[in-house]
Amino acid sequence: MSDNSSIRTPSQRIAWTATIVVSTLVFIFLIAPILAIMPLSFSSSSYLTYPLPGLSLRWYDDFVNSPRWMNSLKNSMIIGVASTLLSMVLGTLAALGLAQWKSRFKPLVLAFVLSPVVVPGVITAVGLYFFFAPIGLTGSYLGLILAHTALATPFVVITVGATLQSFDTNLARAAASLGASPLQAFRRVILPLILPGLASGALFAFATSFDEVVIVLFMAGPEQRTLPREMFSGIRENISPTITAAAVILTTVSVVLLATLEALRRRNERLKGSGS
Amino acid sequence: MTNALLTGANASTDVPLKRRLRRAERTRQVKALALVLPLLLFLLFTFAGPIAGMLWRSVEDWEVRQVLPQTVAALANWDGKDLPDENAYAALASDIMAARAAGTIAIAAKRLNYALNGFRTILTSTGRNLKAVPEPGTAKETLGKINPAWRERATWTTIKDASGPITGFYLLAALDLTRNADGAIVAAPPDQAIYRDIFLRTFLISLGVTALCLILGFPVAYLLATLPPGRSNLLMIFVLLPFWTSLLVRTCAWIVLLQSKGVVNDSLLWLGIIDAPLRLIYNRFGVCVAMTHVLLPFMILPLYSSMKAISPAYMRAAASLGAPPLTAFLRIYLPQTLPGIGAGSLLVFILALGYYITPALVGGAADQMISYFIALYTTETANWGLASALGAVLLLATVLLALVYGKLVQGQQVTGGMKN
């Protein structure tokens with residue numbers, strides 16, 4: 001399988017060694033900053049330097065006992081969960097429709113549906129700021145949920161759409177020929193099969209909202225500040241170790257999301273391998 | 001209906017069946033469209049509408065029209081060659097009196113001041129010193145006495161240019177251009193001509209970050225595509241973990257690492273490599289390092305998927321035909337990775353163009369990209385026309401590049417460059 005077997009000449013060996021060395025350095029570059037910030041959150045000192053003078057949980061204590069940080073965590077959860085649910089409904093319906101729709105306008109519609117991912121955050125944020133302010137949607141949870149849903153739905157359309165591509169439509173036809181109503185066929189046949197795709201879509205949607213900060217910067221009032229927004233202010237003012245504690249909490253959420261996604265992918269591959 | 005069916009059954013059975021099938025297909029298509037419709041309407045309200053609104057603001061010109069309506073009407077037929085007639089002066093005096101009563105002079109003054117520096121003073125001082133509507137026939141003289149600027153043609157052409165309802169003023173300003181008193185497009189005065197430099201800076205930072213991502217990402221993608229799946233999946237975590245980590249966490253991490261008492265400087269000092277802390281952050285270096293870190297996975301993933309699709313048989317064939325390894329790599333392998341290189345580079349470049357958070361947090365004043373100024377003019381100085389015009393230029397660049405990207409990945413999977 002591996003290309004290693006084709007390495008024969010010394011020059012190839014040198015090239016391969018160089019690839020490994022450079023890649024290792026890049027891996028360190030990618031991962032080291034995230035690993036370096038973590039131990040600092042357990043430091044007993046308020047200086048963000050190594051070596052740590054001692055270990056303590058005071059910064060986590062600080063985080064948990066600060067109404068500001070806890071409120072921002074709560075806001076991130078509310079907005080994240082609500083926009084995930086909304087984008088799941090809109091995105092799944094659209095993916096189902098797009099899978100069946102045949103038209104020369106389809107690429108155009110698809111491009112429009114996916115465009116919120118490509119358009120720079122500041123442009124969307126400025127547009128929403130002008131558009132939502134006169135109708136009272138700035139400084140409100142609803143406005144942020146709607147905005148985050150617009151950003152998150154493309155990921156749902158992509159992941160669910162990819163799942164539907166590998167879905168055998170004959171199964172739906174079989175269900176219909178056996179007398180299932182369209183709703184029954186969806187609930188009992190289609191849904192169980194595309195569920196892993198839906199779950200990945202939901203994870204992407206949640207991660208998108210949970211990480212978003214530009215729109216929150218423009219639209220959130222003091223009441224709706226999310227965790228990334230609070231970190232933005234914190235980094236701007238001065239970096240206290242409490243921010244590193246917040247960073248560890250955020251990273252833990254990311255790792256859990258990534259691990260769940262990987263587990264879903266593996267399960268999907270296993271099913272494909274053993275199934276039809 | 002029954003008749004038709006009967007004759008159909010007798011004559012040619014396939015026609016009604018065809019028709020029925022076509023009708024069923026049409027119903028299916030309508031239903032499919034009905035499923036997409038909620039999302040389209042939603043995006044119209046939360047995405048397309050707001051962006052269209054922003055684009056409209058980049059050409060809309062309402063302030064002078066609303067505050068000085070009679071003046072705008074009186075200047076409608078003015079040819080702009082000489083000073084306007086007494087009517088225009090009388091209209092202006094009456095408008096100013098009304099605007100002072102309504103407290104709206106500042107709105108028009110702000111708009112006119114963008115076009116002609118010092119106009120704010122002209123208008124507010126006139127508003128303050130105009131005691132009453134001048135006697136008929138004396139408006140020109142009265143206004144000229146209050147402020148001699150009213151005896152200059154440029155003052156009046158500025159008002160006429162700003163009388164809307166649409167204007168190219170902000171879009172021209174975003175490109176360091178302006179109209180002179182004769183209406184010709186000329187270079188903007190040097191103190192206002194800063195945006196080309198900012199666009200150039202944005203372009204250069206994005207280009208540099210894209211190049212760095214390509215140089216660093218290529219060997220990694222090659223390694224991941226060449227290793228056996230077990231090991232490459234394990235190493236993929238090193239790419240995916242940063243990808244999934246919050247942008248704020250990564251930016252914060254770089255500040256902690258690179259600041260003057262940060263981990264990197266401390267280590268270098270301890271090792272004796274340097275005597276005094278290096279300035280690694282709040283400058284261009286910090287911006288490039290942090291942005292490369294954030295965007296590198298967007299380069300590695302499309303490169304990886306394009307390399308994964310290259311069969312090792314090609315390289316073996318090249319070797320068996322006598323090509324030296326370097327020649328085989330340059331002539332057989334590299335050309336096949338070009339779509340991946342193109343997709344990855346374009347994606348990184350597009351994303352980099354719109355960057356705001358990272359430069360705002362780790363850059364100095366001279367490293368802020370175009371997004372920073374759009375945000376600044378929106379929330380701080382409330383020059384919404386200029387913010388929208390700069391946004392329109394950035395949006396145009398992004399859309400054009402995205403179209404090229406779309407052409408490039410056509411045929412490749414839609415998800416190629418997206419997350420995962």
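This is a predicted model: local features need pLDDT of at least 70, side-chain atom pairs count only at pLDDT 80 or more; totals for chains, interfaces and linings use all residues.
A residue here is buried if 20 or more other C-beta atoms lie within 10 Å of its own, exposed if 12 or fewer, and partly exposed in between, with C-beta atoms placed from the backbone. Residues are numbered from 1 along each chain as its sequence is written, and chains are lettered from A and ligands numbered from 1 in the order in which they are written.

**Chain A**

- Chain A has 11 helices and zero strands; helices (H or I, at least four residues) and strands (E, at least two) are DSSP runs, numbered from the N terminus.
- Helix 10 of chain A covers residues 227-237, and eight of its 11 residues are buried, so call that helix mostly covered.
- Across the 276 residues of chain A, 43% count as buried.
- The radius of gyration of chain A is 24 Å, while a compact globule of 276 residues would have one near 19 Å; the radius is taken over C-alpha atoms, and the globule rule is 2.2 Å times the number of residues to the power 0.38.
- Taken along the principal axes, the C-alpha atoms of chain A fill a box of roughly 70 × 70 × 30 Å.
- Of the contacts in chain A with a separation of 6 or more, 76% are between residues 24 or more positions apart; two residues are in contact if their C-beta atoms, placed from the backbone, lie within 7 Å.

**Chain B as a whole**

- Chain B brings 20 helices and two strands.
- Chain B is more spread out than a compact globule, because its radius of gyration is 32 Å, well over the 22 Å that the globule rule gives for 420 residues.
- The C-alpha trace of chain B spans about 100 × 100 × 40 Å along its principal axes.
- In chain B, 43% of the 420 residues count as buried.

**Where the chains meet**

- On the chain B side, 76 residues are in contact with 81 residues of chain A.
- Helix 2 of chain B (residues 14-57) gives the largest share of that side, 18 residues.
- The side of chain B that touches chain A has 52 nonpolar, 17 polar and seven charged residues; Ala, Val, Leu, Ile, Met, Phe, Trp, Tyr, Cys and Pro count as nonpolar, Asp, Glu, Lys and Arg as charged, and the others, Gly among them, as polar.

**Helices 15 and 17 of chain B**

- Two packed helices are described by the angle between their axes and the distance between the axes.
- Helix 15 (residues 284-308) and helix 17 (residues 325-353) of chain B pack at about 155 degrees with axes 8 Å apart; axes are lines fitted to C-alpha atoms, for helices over the stretch in contact, and angles run from 0 to 180 degrees between N-to-C directions.
- Helix 15 and helix 17 of chain B are therefore roughly antiparallel, a label for angles over 145 degrees, with under 35 counting as roughly parallel, 65 to 115 as roughly perpendicular and the rest as oblique.
- The residues of this contact between helix 15 and helix 17 of chain B divide into 14 nonpolar, five polar and no charged.

**Helices 19 and 20 of chain B**

- Helix 19 of chain B and helix 20 of chain B (residues 384-409) also pack at an angle of about 155 degrees, their axes 8 Å apart.
- That makes helix 19 of chain B roughly antiparallel to helix 20 of chain B.
- On the helix 19 side of chain B, B:I370, B:F373, B:I374, B:Y377 and B:T378 meet residues of helix 20 of chain B including B:W384 and B:L390.
- By class, this contact of helix 19 with helix 20 of chain B has nine nonpolar, two polar and no charged residues.
- B:F373 sits in helix 19 (residues 370-379) of chain B and counts as buried, because it has 23 C-beta neighbours inside 10 Å.
- Not counting residues up to four places away in sequence, B:F373 touches B:I198, B:Q368 and B:L390.
- B:A382 lies in the loop between helix 19 and helix 20 of chain B, and B:A382 is exposed, with 10 other C-beta atoms within 10 Å.
- Although not a glycine, B:A382 has a positive phi of about 55 degrees.

**Other loop details in chain B**

- The peptide bond from B:G164 to B:P165 is cis, with omega near 0 degrees.
- B:D176 has a positive phi of about 65 degrees although B:D176 is not a glycine, and B:D176 counts as partly exposed, with 18 C-beta neighbours inside 10 Å.
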